[in-house]
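Please examine the sequence and the three-dimensional structure shown below.

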Amino acid sequence: MSEGAAKKADKPRKFQAIRGTRDLLPPETALWNRVEQTAHSVFATFGFGEIRVPIFEATELFARSVGIDTDIVSKEMYTMPDRDTEHIYGLRRSLVEWRIKSGDFRDVELFFGLVVSLLTFIAQAHEADLTQLEDVGMEALADITGAAKDLSDLISASKDSKDAKTWNTLISLVDRIRLASDRLEVGEDMSLRPEATASVCRAYIEHNMQQLPQPVKLYYMGPMFRRERPQKGRYRQFYQIGAEILGGSDAPAIDAEVIEMVMTFFDKLELQGVQLDINSIGCRDCRPKYVELLRAELTKAKDKLGPDSQRRIDTNPLRVLDSKVETEQAIIEKLPRIADNLCADCATHYAAVKRQLELRGVIYRENWRLVRGLDYYMRTTFEITAAGLGSQNAVCGGGRYDGLVELLGGPPTKGIGFAIGEDRLILSLQESGKVPAQQGRDVYIAWMGDKAHATAIRAAKDLRNAGFSVELPPVEQKFGKALGQADKLGARFALILGDNEVAEGLWTLKTLADGSQQKLTEPDLLDFLRKL
């Protein structure tokens, strides 16, 4: 190896942000802060409180809420084992998937050995406070323990008697242990959250929020994670701002107020080209009938559809309405519309939501192709688009999900909410020029001399306490260099402190925009700056 190559090999690696992530830097972060502060302010006026949920949860939570067959769960989530209990998870899965060879008593003994290991590891994890079992898990553990004792006794008793009756009893106990192991829920995988609604609903259940005055109004903001193909406005670590209303009734006024709140938020930000689309997707009574009608009509035109839409005829016909394939649009336009197939209650609810939006002065457009694929979504659904984002122009999606809390193990609970893609929102604001100017310093202190240094430190402290942004150089600078640095930092004023200024008690304040300067006492300086 040449000397040059050796030096290059010894050079420390230069790290970069992982693909699909990026750093947010000033001055861009000033816009992010303004967006988030506006959300805090607007949402508070509607009576919402902030909730902060963990960045990772049990994978099963998202599998249930988002849908185990969706791309998000099957392909896009960042999933990892819980290292404290992954050995327990491995044993559980081995027991669940174990298939005893017919008539092989030795196989039963091997199975029993794994059961003993599982119970031992669970006891150790519990003692070390590494795991916590809910009611279902405690029942499953008790079932495994009881069946394991019976299995142990039967194995000992059947050393010399291996008849069919004994074998059948052994297999019955094995099956009992396998089923209980599947319910144990210890050592589950964890996933970085791909969205936050499931976490908010989990928190609502866990903390018994149904005991609070209903409905409970919550909002959140923070990073989410999906292993998607990175592109403009879409990242693997992305940010959402969202809100949920849980509990209480499904009064149309609640739906309208949620929409009004998010539209007020966008209005405060002066977001350009905002378009609100709404629809009703029915309920458990009328939507299945519409889905079957849709499936029948799509089947008639199956040969004219692409492979994705053909597959969705069987799996989820509603998703065909999302198709962007040009050759399918004429077919989709002739399909029956869900608004014409709502039950009486859903039709009344939808009409009332539209009336409530009109009372609030919220302009909307009905979009019959706006649907949601999962069963717990119902009735009101909405989407908001904005300018400057091309064809992928949605910045917010929301709707009613009255079945989700119950699906996650809670009581029957009404729910509605939305999620805003903050990255895309920021991009739209940037494209429309709604970017705050870079914030410079209010005052740059140019000090010269040891006596002036002590005065400069005190002046910086007093100015900062008064709310001004101040740059205090750590070392003495020549006058010209100090003013040059002040200009680079965008300072409005330079406070010049030398031995003369300190001795006289008159400080020189230079306005950098026009070069004018004046001498002021310390109290007069503060008064002058406060009046600007």
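The following paragraphs treat helices, loops and a sheet in turn.

The model is a predicted one, in which local features need pLDDT of at least 70, side-chain atom pairs count only at pLDDT 80 or more, and totals for chains, interfaces and linings use all residues. Residues are numbered from 1 along each chain as its sequence is written, and side-chain values use heavy atoms, with hydrogens and water left out.

Helix 12 comprises residues 307-315, and its buried residues are S309, R312 and I313. Viewed down the axis of helix 12, these buried residues fall within an arc of 115 degrees, so they line one face of the helix. The arc is taken from the directions that lead from the helix axis to the C-beta atoms. Here, buried means under 20% relative accessible area, exposed over 50%, and partly exposed in between (1.4 Å probe, protein chains only). Helices (H or I, at least four residues) and strands (E, at least two) are DSSP runs, numbered from the N terminus. On the face turned away from the buried side, helix 12 carries the exposed residues P307, D314 and T315. The buried residues of helix 12 pack against helix 11 (287-300), where contact means heavy atoms within 4.5 Å.

Helix 11 also contains T299, which counts as partly exposed at 44% relative accessibility. T299 and S199 are 100 residues apart in sequence, and their C-alpha atoms are 38 Å apart in space.

Helix 16, spanning residues 422-431, is mostly covered, with eight of its ten residues buried. Those buried residues are E422, D423, R424, L425, I426, L427, S428 and L429. Their cover includes helix 2 (28-45), helix 10 (252-268), strand 6 (237-246), strand 10 (394-400) and strand 11 (415-421). Just after helix 16, G433 takes a positive phi of about 80 degrees.

The peptide bond from P26 to P27 is cis, with omega near 5 degrees, and P27 is found in the loop between helix 1 (3-10) and helix 2. Another cis peptide bond leads from Q214 to P215, with omega near -5 degrees. The loop between helix 9 (197-206) and strand 5 (216-225) holds P215, and N208 is found in the loop between helix 9 and strand 5 as well. Although N208 is not a glycine, it has a positive phi of about 50 degrees; N208 is partly exposed, with a relative accessible area of 44%. E270 is likewise not a glycine and has a positive phi of about 60 degrees. The place of E270 is in the loop between helix 10 and strand 7 (275-280), and its relative accessible area of 45% makes it partly exposed.

Five strands form an open sheet in the order 13-12-14-15-16, and the pairing is mixed. Strand 13 (470-471) and strand 16 (517-520) stand at the edges, each with a single partner strand, so one side of each is left without a neighbour in the sheet. Two strands pair if DSSP finds at least two bridges between them. Strand 12 (residues 443-447) runs parallel to strand 13 and is joined to it by two bridges; V443 stands opposite V470 in strand 13. Helix 18 (residues 479-488) lies across strand 12, strand 14 (493-497) and strand 15 (507-511), and runs at about 165 degrees to strand 12. Axes are lines fitted to C-alpha atoms, for helices over the stretch in contact, and angles run from 0 to 180 degrees between N-to-C directions.
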